[in-house]
Amino acid sequence: MPIEFVCKIKFAEEDEKQKVKQDGDKESLIEESCTPPAKDLAGFANSCSLHGINHIFVSGRLGIRQTLWALAFLASLVLFLYQAAKCAISYLEHPHVTALNEEATPEMVFPAVTICNINRFRFSALTDADIYHLANLTGLPPKNKDGHKPTDLMYPAPDMQDIFNRTGHQLDEMLMSCNFSGQNCSAEDFSVVYTRYGKCYTFNGNKTTSRKTKQGGMGNGLEIMLDIQQDEYLPIWRETNETSLEAGIRVQIHSQDEPPYIHQLGFGVSPGFQTFVSCQEQRLTYLPQPWGNCRSTSKEKFPGYDTYSISGCRLLCETNEVLRECNCRMVHMPGTADICPPSKINCVDKALALLQKNSGDTCPCETPCNLTRYGKELSMVKIPSKGSARYLSRKYDKSEDYIRDNFLVLDIFFEALNFETIEQKKAYDVAGLLGDIGGQMGLFIGASILTILEILDYIYEVIKLRLQRLLRPQKEEKKKKQQTSTVATVDLEEMKAKEPNDMTRSHPEGAYANTILPNHHHHHAGHHGVFEDFAC
């Protein structure tokens with residue numbers, strides 16, 4: 001049966017210190033082999049890609065050469081920072097430029113054309129009740145000589161929608177001829193729309209079924225002959241805010257994406273003339289804030305239209321103001337509220353005048369980011385000529401004087417099948433800012449983004465080394481407090497198998513006997529303090 005001897009050896013204090021020192025040296029060597037050596041400033045300057053600093057931070061004393069290099073480097077750095085600050089300030093100002101371009105196309109969508117007779121009510125279509133109710137609008141006296149009787153006060157409340165629809169000029173009576181790109185058209189190709197002029201008509205107003213033209217020039221657009229019916233114009237007995245002294249029609253050429261705003265944006269066409277309108281489409285693109293001041297299409301839109309427009313915004317502002325002041329709306333305003341009767345016309349006029357005075361504050365209508373408008377050039381000739389007056393008189397069964405006073409021809413066409421694009425663009429974006437700063441950085445100090453990373457990496461290594469030096473003394477104090485012990489196991493049979501000479505321990509100053517184990521009772525004179533305890 002094998003017998004094991006378990007021996008506990010406790011080394012003396014001096015040996016313990018020596019062992020701790022050896023272990024510390026060993027750990028220090030390991031840490032130094034695993035941790036890269038800290039870079040000194042001169043070594044970093046010599047290896048960094050930043051130009052000039054390798055001539056400044058050198059080993060040895062600072063000389064004139066190093067001073068001159070330092071001054072040159074600082075001057076370049078100041079110039080770079082100045083130029084970079086100018087670039088940053090220019091970017092923060094958000095400048096923009098306007099680019100103008102012209103593009104050709106094989107076909108173009110014809111614009112919407114809205115026409116209105118300047119006279120809103122046909123005199124022959126007005127009844128006594130209509131004249132009574134519209135007195136504030138027309139200023140007309142009663143038709144009968146005796147005036148309105150007390151029983152007239154029993155007239156029912158006026159239906160303004162019906163009055164405008166019934167008494168307005170009817171297009172099938174006004175339209176003498178119609179032609180679009182060589183094809184005949186009729187009143188059915190127009191849709192009814194209400195404006196400040198009452199009942200009006202729009203050609204090609206439906207965006208889904210819009211007409212297109214494949215050729216520019218006269219005769220390739222819309223050509224209509226109209227009878228303005230001056231005999232139906234209301235006589236003027238007294239002037240009101242709605243009194244009109246003109247004769248003719250108002251025309252507005254606009255996109256299908258916006259409602260007509262003809263009382264401010266329309267132009268007049270006079271009877272007795274053929275008016276030629278040469279159009280050119282312009283597509284405008286504006287920038288939103290902070291580069292521009294356009295309004296996105298996601299804001300409130302006019303009912304019946306998919307996109308935001310200035311005219312739609314103005315109509316909505318007018319509607320809201322009239323509703324707030326008078327609790328009603330005008331016939332051309334959107335909504336389901338009651339139409340204002342003529343008795344409230346003074347309230348409506350005051351509300352609209354107040355809105356026009358403070359429109360910039362109460363209802364700002366910003367420019368949409370995408371807008372289509374039409375530039376126009378007008379020219380006209382007199383009709384009818386002496387030779388055609390008799391022919392037209394026989395054709396339409398009207399006198400020559402009537403034709404001269406009432407007939408007009410309107411010819412609208414594209415000048416050419418091209419359109420202008422007017423686009424606002426960012427004059428200085430992020431790519432331009434980085435390019436300018438990078439160019440200034442390379443010019444003055446020869447640096448790049450990677451150079452900045454090198455500097456940051458060097459700072460990180462320096463901070464890391466400082467922290468390691470601060471924390472290492474604490475680790476060494478903890479190691480000194482620890483005491484190590486060794487346990488040895490000796491097999492009896494192994495001891496027997498060894499030669500007696502192998503079991504003898506040699507010492508430089510003497511040897512113990514084979515039968516004696518050294519302990520604290522048998523200390524050799526030359527080995528005092530070597531073994532403090534040896535027990536089995």
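Predicted model: local features only at pLDDT ≥ 70, side-chain atom pairs only at ≥ 80, totals over all residues.
**Exercise 1: the whole chain**

Task: work out how many helices and strands the protein has, and what share of its residues is buried.

Solution: 
- Next, go through the 536 residues; 36% of them count as buried.
- Now look at the contacts with a separation of 6 or more: 75% of these come from residues 24 or more positions apart.
- Finish with the surface, where the protein exposes about 32,800 Å². Carbon and sulfur atoms supply 54% of that area.

**Exercise 2: Asp-130**

Solution: 
- The cut-off for buried is under 20%.
- See what Asp-130 touches, leaving out residues up to four places away in sequence: Ala-125, Ile-163, Arg-166 and Thr-167.

**Exercise 3: Gln-280**

Task: figure out which side chain is joined to that of Gln-280 by a polar contact of 3.4 Å.

Solution: 
- Locate Gln-280 in strand 13, residues 273-285.
- Use the cut-off of under 20% again: Gln-280 counts as buried because its relative accessibility is 18%.
- List its contacts, skipping residues up to four places away in sequence: Gln-280 touches Glu-102, Arg-373, Tyr-374, Gly-375, Asn-418 and Glu-420.
- Pick out the polar partner: the side chain of Asn-418 makes the 3.4 Å polar contact with the side chain of Gln-280.

Notes
Residues numbered from 1 in each chain as written. Heavy atoms only, no water. Helix = DSSP H or I, 4+ residues; strand = E, 2+ residues; numbered from the N terminus. Buried < 20%, exposed > 50% of the residue type's maximum accessible area, 1.4 Å probe, protein only. Contact = heavy atoms within 4.5 Å. Areas by Shrake-Rupley, 256 points an atom, 1.4 Å probe, with all protein chains shown as cover. Polar contact = N/O pair within 3.5 Å; in protein donor to acceptor, adjacent residues only side chain to side chain.
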